[in-house]
Structures are given as C-alpha cells and as structure tokens.
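Visitor: Could you take me through the model on screen?
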Amino acid sequence: MNKFQQQFNEAVLLKQKKFAILIDPDKATEQHLDKIIRLSNESVIDYFFVGGSILVNGALEKTIDYLKSKTKIPVIIFPGAQTQVYNKADAILLLSLISGRNPELLIGNHVQAAANLKNSKLEIMPTGYVLIDGGIETSVTYISNTRPIPANKTEIAVMTCIAGEMLGLKNIYLEAGSGAKFPVSETMIKEVRAQVNTPIIVGGGITSPEIAFKIAQAGADILVVGNAIEKESNLLIGISEAIKSVERSNNLIK
Ligand code: 1GP
C-alpha cells in the first residue's frame, strides 16, 4: 500500500541514501529527458520528482507519460500547485508548508485537492515542507508568499520539524529553493536528523558531487537535484556516485 513511504522509512533505518532528480515539466524537452534517462540507466537514480511552481497546461501529464513510457524509475509528483495531480505517477508528496504562515499552503489547498487525491490511485505522502534561506529569493518563496527560515536559525528549523513530526507528517523536506546560492547547511541537517525520526529530504542548491556528499553525510536520506542537472546532465553520474558512496561507508561502519 504505502510502498514509497516504506522505502523512505527503510532508508532511515538502513542508512541508505536515495537520489531523486527533479524534472520541471516546462523545461523538459524530449531530448533532455532522453539524455537523463540514458544516464540514469548507467548510474543509480532512485526517483524522478516531477513538478514546478508554474506549469503550462498539460506539461506535467506529458512529462510523466514520457518518463513512464521510457523508464521504470518511479515518478513522484512534487506539486507546485494543487492542480498538479496525475494518476499515472506513482506517488505524490502532499506538502504542507510548515515554515510559512500562509493558511492556503498549510491546509486550504489540501481541502481543494482532497476529492481529486482521494479518487486517484496515487500514494499520498504527507510531507512537512520547510523553506530555508538559500541566499536568493527563489520562485517558491515568491509564489508561496512566505518567508524562509534564516539559514543560521537552526533552532527554529529544528522546532518546526519537530512540530511537523508531532502533527503526524511522515517526511520532512528541507528546501533551500531551486537555484539557491547555497544549500541547507550541514549543521542544520545534522541537528534536524538528531531530533526527528522521519525521513529527511533535502533539496535546493546541490550543484556538485562534493556538496551532495556533505549533505548525505550530514543526515539527508533523500537528496533532490534539479538545476545543476538541467544545465549539465552528465553531472548526475558524479552526484549519484557521491551519494551512494556515503551509503557504502555507512554500511561498512555498521
Ligand atoms: C528541490 O528545489 C529543489 O528541492 C531543486 O533545487 O534546482 O537548486 O537543484 P535545485
């Protein structure tokens, strides 16, 4: 039933590290997707996350159909809006923007989307979405009309994540925002890891294997990379290798 949530939970228990590539349907040409799919077969990619802040009508469906026709890698919708629900994906992150104080993104949109989600066959993955300042104003802070948690306010981030877990959210997503100048800090990831038991997803500003390595080592269970791979698709090989090397060294230590 909850296949993907179980995989995420197992990643925490077994100290596995998962790698997700974020595909923005508006930017994804077939040529780009083909390249990513080919490279994905040569290295380890665990998930495609698909979604964007603003989407042209039909782009989400088209991208998911294309991925599904060409690869077996699971597709998880990472919705930028309540309309981004499509049955052919495998699962959807049901995001509650718990770092913000915008009621629509805490519960309003969920009410609007509830009937659609209930009728879909998607696995619903309740996720506390926590925006952390990544050094520039990103689309998500602008569109959500919320302020991110300052990068050095680890305590606020930790308490936000604890509250999210206590409210019953199954995953925590620490998000520096697409195109962030700097990713979520290792200190913050380590502290959150020490205080919550849910899987921790980290994204935004992961632009190199070195950064991915540090983020995985700090305690992220699932790492999400978008922009860097959009610009240079070959990077996914090095990033995948860096993430999986942390998993291997964890398993040696066990
Ligand atoms: C996913 O928004 C991120 O959490 C993706 O960020 O595009 O900076 O990799 P980048």
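Predicted model: local features only at pLDDT ≥ 70, side-chain atom pairs only at ≥ 80, totals over all residues.

Visitor: Which strand holds Tyr-173?
Guide: Tyr-173 belongs to strand β6, residues 171–175 (a strand is a DSSP run of E, at least two residues, numbered from the N terminus).

Visitor: Is Tyr-173 buried or exposed?
Guide: Tyr-173 is buried, at a relative accessible area of 1% (buried means under 20%, with a 1.4 Å probe and protein chains only).

Visitor: What is Tyr-173 in contact with, beyond four places in sequence?
Guide: Its partners include Phe-49, Phe-78, Leu-93, Tyr-129 and Val-224 (contact means heavy atoms within 4.5 Å).

Visitor: Now the ligand: how many residues surround it?
Guide: The ligand is surrounded by 13 residues, and Tyr-173, Ser-178, Gly-179, Gly-226 and Asn-227 are the closest (a residue counts if one of its heavy atoms lies within 4 Å).

Visitor: Which atom of Glu-175 lies 2.8 Å from a ligand oxygen?
Guide: It is a polar side-chain atom of Glu-175. A backbone N or O atom of Gly-179 also lies 2.8 Å from an oxygen atom of the ligand, and for Gly-204 the backbone distance is 3.4 Å (a polar contact is a pair of N or O atoms within 3.5 Å).

Notes: Residues numbered from 1 in each chain as written. Heavy atoms only, no water. Helix = DSSP H or I, 4+ residues; strand = E, 2+ residues; numbered from the N terminus. Buried < 20%, exposed > 50% of the residue type's maximum accessible area, 1.4 Å probe, protein only. Polar contact = N/O pair within 3.5 Å; in protein donor to acceptor, adjacent residues only side chain to side chain.
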